[in-house]
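User: Here's one I'd like to talk through with you, question by question. Take a look at it first.

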Amino acid sequence: MKSEQQYIDIFTDCRGMIDQHSGGALNTLRDEAFASFARLGFPTGKVERYKYTDVPAAFEPDYGLNFKRLEFPVNPYEAFRCDVPNLSTSLYFVVNDSFYDKALPAVTLPEGVIVCSLKEAATKHADKVTDYYGKAANVSGDALTALNTMFAQDGLFVYVPRKVVVERPIQVVNISRSDVDLMVNRRVLVVMEEGAQARLLFCDHTVDEHRFLTTQVVEVFAKENAHLELYELEETHVKNTRFSNVYIHQERDSVVSHYGITLHNGTTRNLTDVVMKGENATTNLYGLVIADKQQKVDNNTLIDHAAEYSMSNQLYKYVLDEKSQGAFAGRILVRQGAQHTVSNERNANLCATKEARMFTQPMLEIYADDVKCSHGATVGQMDEQALFYMRQRGISLDEARMLLKFAFAGEVVEAIGLEALRDRLRHLIEKRFRGELGRCSGCAVCG
Amino acid sequence: MLHSSLWIYKNRMNNREERQNNTNGKKPNSDKKNKFVREVAEKKYEYGFTTDVQTEIIDKGLNEEVVRLISAKKEEPEWMLEFRLKAFRYWLTQEQPDWAHLKMPEIDYQAISYYADPTKGMKKDGPKSLDEIDPELMKTFDKLGIPLEERLALSGTAVDAVMDSVSVKTTFKEKLSERGIIFCSISEAVREYPDLVRRYLGSVVPYRDNYFAALNSAVFSDGSFVYIPKGVRCPMELSTYFRINARNTGQFERTLIVCDDGGYVSYLEGCTAPMRDENQLHAAIVEIVVNENAEVKYSTVQNWYPGDAEGKGGVLNLVTKRGHLRGANSKLSWTQVETGSAITWKYPSCVLSGDNSQAEFYSVAVTNNYQQADTGTKMIHLGRNTKSTIISKGISAGKSQNSYRGLVRVAPNADGARNYSSCDSLLLGSECGAHTFPYMDVHNDTAIVEHEATTSKISEEQLFYCNQRGIPTEEAVGLIVNGYAKEVINKLPMEFAVEAQKLLSVSLEGTVG
């Protein structure tokens with residue numbers, strides 16, 4: 001049986017149940033999504049953007065789906081220890097794909113700022129959600145986005161009104177918790193009105209040994225002169241499969257920075273699509289991957305420069321150990337008329353063993369002549385001379401290697417705006433390289 | 001040797017000078033230095049003429065009968081027919097790929113005639129001297145400036161001129177055969193050296209390789225065969241001028257170069273084609289085998305008819321080129337200057353299986369008007385300490401699309417593999433596109449793979465600098481572009497380099513105003 005069939009069947013069988021436990025705009029888009037999923041099927045290796053991740057195989061196993069929104073007993077404070085110390089945040093939890101509203105932070109957000117369950121927002125703030133939901137996501141062209149749109153019942157809604165600056169970072173901890181193998185379809189909608197500013201930090205954790213399959217679609221709308229920093233930190237386990245599609249729409253003068261950090265995972269596939277619709281917009285995409293065992297990480301980006309004077313920077317770094325496999329494909333598209341675009345893309349990779357494998361594919365597609373675009377990609381290993389230098393000075397080989405890897409990863413860490421997160425990451429990365437990081441940094445399970 | 005090359009160059013220049021004078025009479029005020037460029041801009045495609053030769057063309061269409069007929073006409077042995085038939089049957093099961101960044105017109109494979117023989121009507125054994133060659137054909141070669149005649153022997157260039165499908169005249173064969181070098185048409189090689197051909201044909205590009213390779217394997221008409229025996233350095237540069245002539249006849253060349261242990265050869269290929277309205281299909285295969293300590297240089301200047309300013313007509317150039325570096329310390333270098341063809345779709349590739357083998361790829365691709373190019377290379381590192389270099393320069397103007405697509409793969413056993421790639425694009429005009437799609441697949445921790453690419457336009461500062469010093473903008477652009485492409489042009493043999501440089505200026509004429 002083709003693996004998409006079970007999803008088609010389950011959708012037709014459970015449509016009523018899915019609708020009943022969700023609401024508003026989420027339900028209206030399902031038919032369209034279903035039609036395009038049925039048409040597209042799971043992307044195979046022949047689909048350019050999915051050639052490095054075997055999607056049908058990832059969706060083949062039997063996973064449970066929680067359409068009835070049964071509550072999983074969970075104590076978020078278990079996971080609270082994963083928090084970044086010294087970082088004062090407004091902390092929220094999303095358990096699997098449901099917003100956890102039993103332990104809301106005591107902080108008060110600036111007036112008009114909404115951080116709530118997407119399901120709740122679909123009825124309470126129906127106008128806002130309807131205006132944006134599904135407008136950035138490529139439901140008709142991307143099978144995984146279509147699948148997520150078919151099944152998504154809940155998730156997170158963040159709204160920052162005009163000219164409001166949210167000083168305190170908003171931290172959202174996504175916890176995967178289940179007693180059976182579970183598939184989670186999470187949906188996030190972030191709307192930044194004109195001149196709004198915010199910092200969002202998503203941390204992904206698993207607290208169970210079970211297999212998890214997460215699909216996530218994040219839609220970000222940055223209006224004129226809005227500033228957003230979006231951090232995604234993944235610390236899950238080897239049986240976790242993650243498909244995350246992030247869609248960012250930027251208006252003029254907006255600045256969006258996205259940081260994707262994969263410290264521990266099973267199979268991860270991150271897609272980041274940015275459309276720069278307004279002039280003078282800036283996008284920064286950073287990625288750091290540290291992988292070993294048989295971990296797989298695939299980052300796929302597309303920056304669509306659709307207006308003049310826009311600027312983008314991309315820096316992705318991979319450290320691949322043991323039998324891990326990394327892939328990076330970054331496409332920069334400069335449309336006709338998008339003059340004075342400045343775009344840089346860099347991907348550097350370190351293969352630490354013979355079995356580690358790296359695919360990299362930086363792409364430029366340019367239809368305007370007055371632009372400055374460049375990309376660079378390297379795959380290499382540690383500098384023998386640097387190792388020798390350190391060993392001469394009495395530093396053991398392992399330590400020297402660790403230092404070099406640490407320095408290599410450092411470039412991405414230094415680009416992070418939140419100082420406390422930077423410190424924490426340095427610590428985590430060092431632990432990770434020392435092999436002390438069990439599964440994730442500090443959950444109750446890892447101790 | 002150098003003298004004679006210069007002589008040819010001078011001779012060609014004189015010819016061009018004459019043509020310039022013809023058209024330039026109407027423009028008395030034209031800048032003397034810029035004369036050539038202006039003249040070319042105003043005139044139509046220089047090589048657009050059709051020679052009326054008694055061509056024997058078989059009926060349009062492709063089926064097993066046609067394949068058998070081609071084989072029979074060429075008096076091929078049974079195994080060759082089998083090879084063609086296997087390829088044809090495989091081709092039938094395949095679909096034309098569509099992954100390239102190209103807008104291809106639909107090709108009706110049944111509307112093409114797969115065989116044209118311009119030498120039929122002559123003596124069966126082929127021409128023995130120049131007098132026996134059809135005078136019309138000779139004129140064509142004269143117009144193209146092919147140094148076919150004996151008096152050009154001093155140039156040190158042996159020419160296997162392919163016009164349509166059958167080799168007309170091969171010079172210097174005797175001189176080469178003294179050293180045991182075989183340089184002849186592939187159909188002749190099939191008859192004369194069946195063992196060699198059978199051993200190597202399809203060993204680098206199997207008929208199952210891709211759609212167009214299967215098509216070519218089934219219907220290939222003619223091409224060149226080169227064999228360099230052990231320890232022999234080929235004393236001259238070998239060149240073949242391809243020319244598509246008969247209307248509606250696909251040209252399916254097949255080139256096979258085998259360079260045995262310690263041998264060396266430099267092979268040149270240059271192309272021009274007459275003006276046509278329909279798209280002309282050109283699906284060639286070039287196979288190169290490089291054995292231990294051997295070195296092969298393959299240079300191409302491709303200037304086929306690119307279609308008119310509205311994008312009508314032009315040649316579809318869909319070529320599979322691949323070299324296999326089998327032996328240790330072998331070397332292969334591809335150099336290409338691509339200025340013609342409506343669509344160019346080719347990736348001259350190298351499989352580096354010998355330890356310490358080295359491969360190079362130098363390319364300049366220029367597109368103007370509605371031309372489209374999707375070109376690049378593949379470097380497959382299999383052996384230890386293998387090295388590859390990729391230098392690609394794309395120049396797009398008008399409404400053209402120019403893409404670089406390349407793959408660097410390092411296999412698990414390719415310890416110490418090293419690759420450096422650099423792809424630069426230059427945009428002249430706001431309606432053209434320049435794209436880079438490099439793929440890297442590294443499966444070895446000791447490999448070092450680097451890639452960098454930049455896209456930019458000619459800087460205002462550089463232009464201003466030139467203008468300040470009295471160099472008009474048009475000329476300045478030519479200067480800058482030539483400087484930009486120098487790295488690649490320098491790799492070409494001298495006379496080719498001169499031609500390539502001119503081609504660059506000509507192809508880009510009228511793009512800056």
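**Both sides of a strand**

User: Are the residues that point either way from E7(A) buried or exposed?
Analyst: Leu182(A), Val184(A), Arg186(A), Val188(A), Val190(A) and Met192(A) point one way from E7(A), while Met183(A), Asn185(A), Arg187(A), Leu189(A) and Val191(A) point the other way. Strands here are DSSP runs of E with at least two residues and helices are runs of H or I with at least four, numbered from the N terminus. A residue is buried if 20 or more other C-beta atoms, placed from the backbone, lie within 10 Å of its own; 12 or fewer makes it exposed, and in between it's partly exposed. By that count, the residues on both sides of E7(A) are buried.

User: What kind of model is this?
Analyst: Residues are numbered from 1 along each chain as its sequence is written, with chains lettered from A and ligands numbered from 1 in the order written. Local features need pLDDT of at least 70 and side-chain atom pairs count only at pLDDT 80 or more, while totals for chains, interfaces and linings use all residues, since the model is predicted.

User: Why is strand E7 of chain A called largely enclosed?
Analyst: Strand E7 covers residues 182-192 of chain A. It's largely enclosed by the rest of the structure because the number of its 11 residues that are buried is 11.

User: Which residue of E7(A) is the bridge partner of Tyr159(A)?
Analyst: Strand E5 (residues 154-160) of chain A runs parallel to E7(A), with seven bridges joining them. Within E7(A), the partner of Tyr159(A) is Val191(A).

User: And which residue of E7(A) is the bridge partner of Gly64(A)?
Analyst: Strand E1 (residues 64-65) of chain A also runs parallel to E7(A), with two bridges between them. In E7(A), Gly64(A) is partnered by Leu182(A).

User: What does Gln216(A) touch, leaving out residues up to four places away in sequence?
Analyst: Gln216(A) sits in strand E9 of chain A, and it's buried, with 24 other C-beta atoms within 10 Å. Contact means C-beta atoms, placed from the backbone, within 7 Å. On that basis Gln216(A) touches Arg186(A), Val188(A) and Ser244(A).

User: How does the radius of gyration of chain A compare with the globule rule, and what is its value?
Analyst: Chain A has 11 helices and 20 strands. The radius is taken over C-alpha atoms, and the globule rule is 2.2 Å times the number of residues to the power 0.38. For 447 residues the rule gives 22 Å, and chain A comes close to that, so it's as compact as a globular protein of that length, at 21 Å.

User: What share of the residues of chain B is buried?
Analyst: Chain B holds 12 helices and 24 strands. Of its 513 residues, the buried share is 53%.

User: Which residues are in contact with Arg322(B), leaving aside neighbours within four places in sequence?
Analyst: Arg322(B) lies in strand E13 (residues 314-325) of chain B. It's buried, with 23 other C-beta atoms within 10 Å. Its contacts are Val204(B), Val205(B), Glu287(B), Ser349(B) and Val351(B).

User: Where is the kink in H11(B) centred?
Analyst: Helix H11 (residues 473-489) of chain B has 17 residues and reaches 22 Å from its first C-alpha to its last, close to the expected 24 Å. That expected span is 1.5 Å times one less than the number of residues. A bend is the angle between axes fitted to the seven residues ending at a residue and the seven starting there. The kink, about 35°, is centred on Gly483(B).

User: How many residues does the contact take from chain A?
Analyst: Chain B contributes 32 residues to the contact, and the number from chain A is 31.  Strands E22 (418-428), E23 (433-442) and E24 (448-457) of chain B each supply at least two residues of the side that touches chain A.

User: Which residue of E23(B) is the bridge partner of Thr360(A)?
Analyst: Strand E19 (residues 357-366) of chain A and E23(B) run antiparallel, joined by six bridges. In E23(B), the partner of Thr360(A) is Met440(B).

Note on methods
Two residues are in contact if their C-beta atoms, placed from the backbone, lie within 7 Å. Two strands pair if DSSP finds at least two bridges between them.
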